[in-house]
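Dear colleague,

Please find the structure below, followed by my notes on what was found in it. I would be glad if you read the two side by side.

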Amino acid sequence: MRRPADFQAREPGRTTYLDGVRAAAPIGVAALAFGVSFGVLARAADMGSVAPVVMSVTTFAGSAQFAVASILGAGGGLVTAIVAAVLLNLRYGPIGLSAATTLEGPWWRRALTAQLIVDESWAIAQRDDGRLDRHLLVGAGLLLFVSWTTGTVIGTFAGDLVADPESLGLDAAFPALFLALLWSQARERSRLLAALGGATIALVLMPFTGPGIPIVAASLACLIGVRKPS
Amino acid sequence: MSAVWISVIVVGLATMAIKAAGPLLLARRTPPPRAQAALEHLAPALLAALVVTQALGGDNGGFTVDARLAGLAAGAAALLLRAPLLVVITAAAVTAALVRVVS
């Protein structure tokens, strides 16, 4: 099976930041729409108009931000909101590890570039050999950052004007994106096994743990890749 | 300080630290071959978990079967037909939207 997307036909190392921007454009539309709905939800939860935008710039992780806004909005406690958000973002531990060897430069630059890692930019930057393409990661990350933050600003100030992203089916765009990128990764048998292992772990844990934990635990399936040294 | 600002600052700092941890810990070190092999299998494991949780996850944990699953099936069909990424994502969104209109 060949890779699903046009941009991925390029040689590794031959990509540019602009390729990352282009690759992320379709999912950027969905990120913009969900940014708007985060802004609307945050305003309804009495978070004001500045705090949600600051949160989109600094946290830049949709699910955790939605969790904080909905918990605070429902009158839940501060600690509950913070714990839920941090659990949801724990997956960026293993995701960051998988990106570690891709990032270059002094420590502050690696730490700064790492902030552009979100599920979608990380997924788009996947190469067939299991490593990441830094240009795609940064280009996609920047576009998603702008989309998400712009959406949040629109949502907090003019949210009533915009349609609900779920009525447009945009929530289904995200699993489809991840499936498309998994598709080209799982050609090799051991990677297919790692994918099946990760999916199984997530499915088994989902009914029992809060959101966030199943993804972190699924990263253990990467141990399938460790075989006897040849 | 209000609960809103405390949560924004604490969650922001924690998320930035979590994202930066891997790249800072593994700085300039080439991991041993076995660890490298495991790292190269992190992506498919995590991508598969993201597919499952994004397609089936409920708001408060557990499963919710809704139009997202139909959208994902349409996306998978587009992948089988070797459609480009834009078509895959659009097929998923349009299908989920149509299912919501009908149901």
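In this predicted model, 69 residues of chain B are in contact with 95 residues of chain A, where contact means heavy atoms within 4.5 Å. This is a predicted model, in which local features need pLDDT of at least 70 and side-chain atom pairs count only at pLDDT 80 or more, while totals for chains, interfaces and linings use all residues; side-chain values use heavy atoms, with hydrogens and water left out. Residues are numbered from 1 along each chain as its sequence is written, and chains are lettered from A and ligands numbered from 1 in the order in which they are written.

The area buried between chain B and chain A is about 6,900 Å², and carbon and sulfur atoms give 77% of that area; buried area is the accessible area (1.4 Å probe) that two parts lose on being put together, summed over both. Lys19(B), His41(B) and Leu85(B) supply 11% of the area that chain B buries against chain A, which is more than any other three residues.

Between chain B and chain A the count is 2 salt bridges, a salt bridge being a side-chain nitrogen of Lys or Arg within 4 Å of a carboxyl oxygen of Asp or Glu. Arg131(A) forms a salt bridge with Glu40(B), and the closest N and O atoms are 3.3 Å apart. Over all chains, the structure holds 7 salt bridges.

Helix 2 (residues 50-58) of chain A and helix 1 of chain B pack at an angle of about 5°, with their axes 9 Å apart. Here helices are DSSP runs (H or I, at least four residues), numbered from the N terminus, and axes are lines fitted to C-alpha atoms over the stretch in contact, with angles running from 0 to 180 degrees between N-to-C directions. The two helices are therefore roughly parallel to each other, since angles under 35 degrees count as roughly parallel, over 145 as roughly antiparallel, 65 to 115 as roughly perpendicular and the rest as oblique. The contact of helix 2 of chain A with helix 1 of chain B has 9 nonpolar, 3 polar and no charged residues, where Ala, Val, Leu, Ile, Met, Phe, Trp, Tyr, Cys and Pro count as nonpolar, Asp, Glu, Lys and Arg as charged, and the others, Gly among them, as polar.

Within chain B, helix 3 (residues 42-56) and helix 4 (residues 67-80) pack at an angle of about 135°, their axes being 8 Å apart, and that makes helix 3 of chain B oblique to helix 4 of chain B. Among the residues that meet there are Val51(B) and Leu56(B) in helix 3 and Leu69(B) and Leu72(B) in helix 4.
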